[in-house]
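Look at the model below and follow the chain from one end to the other. Then read on to see how its parts pack.

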Amino acid sequence: MAHERWDRAVYRATPAPATTVTHDVGLLVLRLFLGLTMAAHGTQKLFGWFGGPGLDATGKGFSMSGYPAGDAMAVIAGLAETLGGLGLALGLLTPLAGAALIGVFVNILDVRGLSPFFAPKGVELELALLAGIVALTLTGPGRFSVDHFLPVLRESRPRYSVLALVLGVVAGVVVLLVRD
């Protein structure tokens, strides 16, 4: 019984609470920074833009890290980062964009390891980016987003947010399982 009440309380479709303009501008700034940063990382992998390695070198890096079909993994990671980042920046299908990026970070953190936290070999930057992506996935993109005009996402935010987090982690772990 208590479980059913909790389910109804967490997953019921309710209108989003009223927010202030500064709240929505803050979410916009966070979305733009995180989303465009991730999209730029993706284009480094896919096209070699912004001084990136491009597909061949990225594919070799994936192979050296124990992933089968390194070139295919480079394309998958590059697309996940580029499209997930652009989705996050635009506030377009934000839960799905968050899931794509969370899956990427599950793999990044596994490859990098969690031992050292601070630079030069630390993961503090990766964890900060991941925390921002998780926060946006849970809170939603705000009023200044494409999602704001999609009623199904506006009305069922808690359900889609939690499902996106689970999807991102599961997808990331599935990819890890194919790694040597």
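## A buried glycine

Gly35 is buried, with a relative accessible area of 0%. Buried means under 20% relative accessible area, exposed means over 50%, and partly exposed lies in between (1.4 Å probe, protein chains only). Gly35 sits in helix α2, residues 21-47. Beyond its neighbours within four places in sequence, Gly35 is in contact with Leu30, Gly85, Leu86, Leu88 and Ala89. Contact means heavy atoms within 4.5 Å.

This is a predicted model, in which local features need pLDDT of at least 70 and side-chain atom pairs count only at pLDDT 80 or more, while totals for chains, interfaces and linings use all residues. Residues are numbered from 1 along each chain as its sequence is written, and side-chain values use heavy atoms, leaving out hydrogens and water.

## The whole chain

The chain has 8 helices and 0 strands. Helices (H or I, at least four residues) and strands (E, at least two) are DSSP runs, numbered from the N terminus. Of the 180 residues, 37% are buried. Take the contacts with a separation of 6 or more: 66% of them join residues 24 or more positions apart.

| Pair | Apart in sequence | C-alpha to C-alpha distance |
|---|---|---|
| Gly35 and Leu83 | 48 residues | 9.1 Å |
| Val104 and Gly168 | 64 residues | 8.1 Å |

Val104 belongs to helix α5. Val104 is buried, with a relative accessible area of 10%. Not counting residues up to four places away in sequence, Val104 touches Ala80 and Glu81.

## Two partners of α5

How do α5 (residues 94-112) and α6 (residues 124-139) cross, and at what angle? Their axes come within 9 Å and cross at roughly 155°. Axes are lines fitted to C-alpha atoms, for helices over the stretch in contact, and angles run from 0 to 180 degrees between N-to-C directions. The two helices are therefore roughly antiparallel to each other. The angle classes are: under 35 degrees roughly parallel, over 145 roughly antiparallel, 65 to 115 roughly perpendicular, and the rest oblique. The crossing of α5 and α6 is left-handed. Left-handed means that the near helix is turned anticlockwise from the far one by less than a right angle; clockwise is right-handed.

Residues of α5 in this contact include Gly98, Leu101, Ile102 and Phe105, and those of α6 include Leu130, Ile133 and Val134. By class, the contact of α5 with α6 has 12 nonpolar, 3 polar and 2 charged residues. Here Ala, Val, Leu, Ile, Met, Phe, Trp, Tyr, Cys and Pro count as nonpolar, Asp, Glu, Lys and Arg as charged, and the others, Gly among them, as polar.

Helix α8 (residues 157-177) also packs on α5, at an angle of about 35° and with the axes 7 Å apart. This crossing is right-handed. Among the residues that make the contact are Ala99, Gly103 and Val106 of α5 and Ala164, Gly168 and Gly172 of α8. The contact of α5 with α8 has 13 nonpolar, 4 polar and 2 charged residues.

## The cores

In soluble globular proteins, nonpolar side chains tend to be buried together. A nonpolar core is a set of buried Ala, Val, Leu, Ile, Met, Phe, Trp, Tyr and Cys residues joined through side-chain atoms within 4.5 Å. Which members of the largest core, with its 14 residues, touch the most other members? They are Leu34, Met38, Leu88, Phe105 and Ile133. Helices α2, α5 and α6 each supply at least two residues of this core. The largest share, 5 residues, comes from α5. A second, separate core of 6 residues includes Phe62, Ala74, Ala77 and Leu176.
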